[in-house]
Amino acid sequence: MTELLEKISSCVEYGKVDINSPYPPAMKGQEGAFELTRQALDAGINPGEILEEALIPAMSRVGQKFSRNEIFVPQMLMAAKAMNSSMIHIRPYYLSGQTKRRGTFIIGTVTGDLHDIGKNLVAMMIEGAGWEVLDLGVDVSTEKYILAAEENPGAVIGLSALLTTTMENMRKTVAILKEKFPETKILVGGAPVTAEFCERIKADFYSPDPQGAVDYLKTIA
Ligand code: B1M
C-alpha cells in the first residue's frame with residue numbers, strides 16, 4: 001500500500017476529517033481524509049483501490065474496536081465523518097459506473113421511530129464496504145420499503161428500531177416484505193432488537209452493530 005493510502009486509512013480510523021478539524025488533537029493541523037483522498041485521485045490512484053485498501057479496512061478496524069469496547073460512539077461518529085469526507089470525492093466515480101459495487105442495500109428506521117444515529121453509522125459502514133446504499137431516512141412506512149424494493153430488484157433491506165414500541169412496526173413491515181418479496185434478504189438491528197426477536201419475526205439476520213451487518217453482507221455478495 002502506498003504511503004498516501006496508509007495516511008488516508010489512518011485518518012479514517014482516527015476520525016481526522018480535514019485540515020481544519022481539531023480532532024483528534026494528535027493530528028491537529030495535518031491534512032485529513034478529505035484532502036488526502038483528493039490528492040490520491042489526482043495522483044491517479046484508482047477510487048476502488050482507495051475504497052478497498054484504505055477506507056474499508058479502516059472502517060473495519062473501527063467496527064472491530066467498537067465491538068471490543070475499545071472505542072465508543074463519538075470516535076465511531078468521527079471515523080464515519082472522516083470516511084464521508086473521503087466519499088465526497090469517491091462517490092462520483094461510483095455514480096459514473098467506473099467502479100463496481102457489490103450490490104444495493106436499502107436502509108431505514110421503521111415507522112414511528114425518529115432515531116437515526118445508529119442507522120446512519122450502519123449505512124456509512126456498509127457504503128464503506130462497497131455497497132450502494134439507499135437511505136430511506138426515519139419513520140419509514142412499509143409502503144416506502146416496498147417501493148424501494150420494487151425499484152431495486154435484488155437489493156438487501158435493513159431495518160433499524162430504537163424503541164420497544166416501534167419493534168412491533170418492524171415486525172409488521174418484515175412480514176409484508178417477506179410476503180411480497182420472499183427471496184429478499186432482510187437485516188434488522190437497533191438497541192432493543194435481539195437475535196431471538198429477529199428469528200421470531202422471520203427476518204434473515206440480526207446484527208447488534210455495523211460491523212456485524214458488514215460481515216453478514218460479505219457472506220451473501
Ligand atoms: Co430517544 N430513546 N426517544 N431520542 N434516545 C432512547 C432509545 C431510550 C432508550 C432512552 C431512555 O429512555 N433510556 C428510549 C427508548 C425506551 C424504549 O423504548 N425502551 C428513548 C425514548 C423513550 C425516546 C422518546 C419516546 C422520548 C420522548 O419523546 N418522550 C422519543 C421518541 C421519538 C421517536 O422516535 N418517535 C425519543 C427521541 C430522541 C431524540 C430525537 C431526542 C434523540 C434521537 C436523535 C437522532 O437519532 N437523530 C434520542 C436519543 C439520542 C436517544 C438515546 C439517548 C441515544 C440513541 C443513539 O443514538 N445511540 C437513546 C438512549 C441510549 O441508547 N442510550 C434513546 C447511539 C447509537 C450509535 O446507537 O442507535 O443503538 P444505536 O445504534 C447502534 C446499534 O443499535 C446498531 O448499530 C449502532 C452502532 O452500534 N444498529 C443497527 C442500529 N440500527 C441498526 C440496524 C442494523 C444493524 C445494527 O441493521 C439494519
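This is a predicted model: local features need pLDDT of at least 70, side-chain atom pairs count only at pLDDT 80 or more; totals for chains, interfaces and linings use all residues.
Residues are numbered from 1 along each chain as its sequence is written, and side-chain values use heavy atoms, with hydrogens and water left out.

**View 1. The cobalt atom of the ligand and H115.** The cobalt atom has a single donor from the protein, NE2 of H115, at 2.2 Å; donors are N, O and S atoms within 2.8 Å of the metal (3.2 Å for Na, K and Ca), and sites may look incomplete because water is not among the atoms. H115 belongs to the loop between β1 and α5, where helices (H or I, at least four residues) and strands (E, at least two) are DSSP runs numbered from the N terminus.

**View 2. The shell around the ligand.** Among the 26 residues around the ligand, those that come nearest are L114, H115, D116, S160 and T164; a residue counts as near if one of its heavy atoms lies within 4 Å of the molecule. Polar contacts, pairs of N or O atoms within 3.5 Å, include one of 2.6 Å between a backbone N or O atom of L114 and an oxygen atom of the ligand. A polar backbone atom of G112 is 2.9 Å from a nitrogen atom of the ligand, and a polar backbone atom of T164 is 2.9 Å from an oxygen atom of the ligand. The largest share of the shell, four residues, comes from α5.

**View 3. The largest pocket.** On a 1 Å grid over the protein atoms alone, a pocket is an open set of points with protein on both sides within 12 Å along at least five of seven lines, a cavity is a set where a 1.4 Å probe fits but cannot get out, and lining residues have an atom within 4 Å of a point. The largest pocket is lined by 28 residues, with G118, K119, V122, G190 and P208 nearest its centre. Because domain 1 (2–95) and domain 2 (104–218) both give residues to this lining, the largest pocket lies between them; the domain bounds come from an automatic or database domain assignment.

**View 4. The second largest pocket.** About 150 Å³ of space lies in this pocket, a volume being the space filled by probe spheres set on grid points that are joined across faces, edges and corners. Its lining consists of N84, R91, N120, A123, M124, E127, V133 and D135, and the largest share, four residues, comes from α5.

**View 5. The two cavities.** The structure holds two cavities of 30 Å³ or more. The largest cavity contains about 40 Å³ of space and is lined by I56, M59, S60, M125, G128, A129, Q211 and V214, the largest share, three residues, coming from α3. Domain 1 and domain 2 both give residues to the lining of the largest cavity, so this cavity lies between them. The second largest cavity has a volume of about 30 Å³, and the residues that line it are R102, A129, W131, V214, L217 and K218.

Terms used: A polar contact is a pair of N or O atoms within 3.5 Å; within protein, one must be able to donate a hydrogen and the other to accept it, and residues adjacent in sequence count only if both atoms are side-chain atoms.
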